[in-house]
Amino acid sequence: MATTTLRRRAAWDALKAHYETIRWRHLRQLFAEDPKRGERFVAHGADVLLDYSKNRATDETIRLLVALATESGLRERIDAMYRGDRVNTTEGRPALHTALRAPRDATVLVDGADVVPRVHEVLDRMAAFADLVRSGKWRGHTGKRIRNVVNVGIGGSDLGPAMAYGALRHHADRSLTFRFVSNVDGTDLVEATRDLDPAETLFVVCSKTFTTLETMTNAASARAWLLAGLGGAPEAVARHFVAVSTDAAKVAEFGIDTANMFGFWDWVGGRYSLASAIGLSTMLAIGPDGFREMLAGFRAMDEHFETAPFERNLPVLMALLSIWYVDFFGAQSVAVLPYEQYLARFPAYLQQLAMESNGKCVTLGGDLVDYETGPVWWGEPGTNGQHSFYQLLHQGTHLVPADFIAFAEPSNPVARHHDMLMANVLAQAEALAFGRSLEEVVAAGTPATLAPHRVFHGNRPSNTILLARLDPGALGRLVALYEHVVYVQGVIWNVNSFDQWGVELGKVLAGRILSELESAEEPKLAHDSSTNALIRWYRAARPTGP
């Protein structure tokens, strides 16, 4: 394979030269030279404030990064995505997650057909169904109302709904219990259903093709659990299962009434699908009005991304700064640090969004890249992380750019808690940026033998993202913000952010190994010696009998 031309671009060469002039400059120096830096390096969009002043960047850095974006055809690629061009080139599909939150009077064409009416038809059916369940008018097989909702999916069909429910639990109907099952490990399903009454439980099975191995294995076991609890009547399935799928035949074969099947389209990738019917459990939790508020938040950020100049465009700035660190400073990961307990699952959601999208080593044209692409994304809510991995952020040898996320209003006002929370997020960003020098440590009276251990070198970059409050609209804006960050990164790196061929090989091999594990006869193994030995060990060690 050939390598790519990204490194041969004029803007890339200019950034390399610029990096050599700035690589050792400290944020202390940058702030000292520009007393108003903290006011200038701020961008606003869709009711989100981005303070990017604590980045190892100058006006020249931003100018050169924007030049790289322009030279990489970012404007044209943004327009192509919104227009419905087949930007998912390896699968020959558009990537139109933005159409999922388009207003009713918008027009988005795919192969000459406007998809917006179809989107709103599904949203309206979801709303009608959600109203039935939330009002108690939808009854289970025995006549009891539904009090428990179990979402069965995996990947984006689980991470999105699970994250959104956790994030918006404050706005959810507390008379309903929500659980999420994804892992093929039977423990996941057993623990999710252990204390539930089958007569009061609704399962939302999310699988586009209704063939996803983990999802359909869990769904089949959930059906067996339900029937065992309701006397084995097959007709009970239709009152306790609904489907988010596109395969009516398989849905009907499972026992689900296809009138309760909610579809979506092949131009919606799983990790971009929260605003589609995959969000049905979210709508059941927060109601149709809350879901529409979330869609409005998505749409506000979509419009900002599409129209704002690059130098004031939040997703563009965040993406370009991440490329600056990954490809010039050698950063291997990025930390996402929400100072909001309801966002506990947000870093995990972003892991799939970013790493499945841009964990690529070949370009759109199939050439090997000769630069770094997607970093590892990770994180935990503050202040918990401060008492675990922040040690590495402050004094470790790895450069880890961080995104701090915080809100002006607490979800649950309790005494001084929110002021303390905000004091911590602002202090951590300040400490990472400026640190504490040896001279400052010694001046504070620290013994000479201990002083080196209490030095914080600082110069650790971060963004601070602020919103008024965590509500459905804010969640929509945050998710869309990072969706577009990921797309901009993919455009600059010239990779396809919408396929995920890397998940396929393991699936294929797992199917082969499963048949060997379950074989009644000793299988003839043709794997490597390690895999062969492990298969034999498991076959010998596993329990036998019922």
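Q: Which element gives the most to the lining of the largest pocket?
A: H19 gives the most to that lining, with eight residues. This is a predicted model, in which local features need pLDDT of at least 70 and side-chain atom pairs count only at pLDDT 80 or more, while totals for chains, interfaces and linings use all residues. Residues are numbered from 1 along each chain as its sequence is written, and side-chain values use heavy atoms, with hydrogens and water left out.

Q: What makes a residue part of the lining of a pocket?
A: On a 1 Å grid over the protein atoms alone, a pocket is an open set of points with protein on both sides within 12 Å along at least five of seven lines, and a lining residue has an atom within 4 Å of a point. The largest pocket has a volume of about 1200 Å³, a volume being the space filled by probe spheres set on points that are joined across faces, edges and corners. Its lining holds 45 residues, and Thr212, Gln500, Val503, Glu504 and Lys507 are the closest to its centre. At least two lining residues each come from helix H7 (156–167), helix H9 (213–229), helix H14 (346–358) and H19, where a helix is a DSSP run of H or I with at least four residues, a strand is a run of E with at least two, and both are numbered from the N terminus.

Q: How do the residues of the lining of the largest pocket divide into nonpolar, polar and charged?
A: Ala, Val, Leu, Ile, Met, Phe, Trp, Tyr, Cys and Pro count as nonpolar, Asp, Glu, Lys and Arg as charged, and the others, Gly among them, as polar. On that basis the lining of the largest pocket has 18 nonpolar, 18 polar and nine charged residues.

Q: Which residues in H19 meet residues in H20?
A: Contact means heavy atoms within 4.5 Å, and here Ile513, Glu516, Leu517 and Glu518 in H19 meet Thr531, Ile535, Tyr538 and Arg539 in H20. By class, the residues of this contact are four nonpolar, one polar and three charged.

Q: What angle do H5 and H12 cross at, and what does the angle make of them?
A: Helix H5 (residues 74–83) and helix H12 (residues 280–307) cross at roughly 140°, and their axes come within 10 Å. That angle makes H5 oblique to H12. Arg75, Ile78, Met81 and Tyr82 in H5 meet Asp302, Phe305 and Glu306 in H12, a contact with four nonpolar, no polar and three charged residues.

Q: Why are H12 and H13 called roughly perpendicular to each other?
A: H12 and H13 pack at an angle of about 70°, with their axes 7 Å apart, and this is why they count as roughly perpendicular. Met301, His304 and Phe305 in H12 meet Leu314, Pro315 and Val316 in H13, and the contact has five nonpolar, one polar and no charged residues.

Terms used. On a 1 Å grid over the protein atoms alone, a cavity is a set of points where a 1.4 Å probe fits but cannot get out, and a pocket is an open set with protein on both sides within 12 Å along at least five of seven lines; lining residues have an atom within 4 Å of a point. Axes are lines fitted to C-alpha atoms, for helices over the stretch in contact, and angles run from 0 to 180 degrees between N-to-C directions. Angles under 35 degrees count as roughly parallel, over 145 as roughly antiparallel, 65 to 115 as roughly perpendicular and the rest as oblique.
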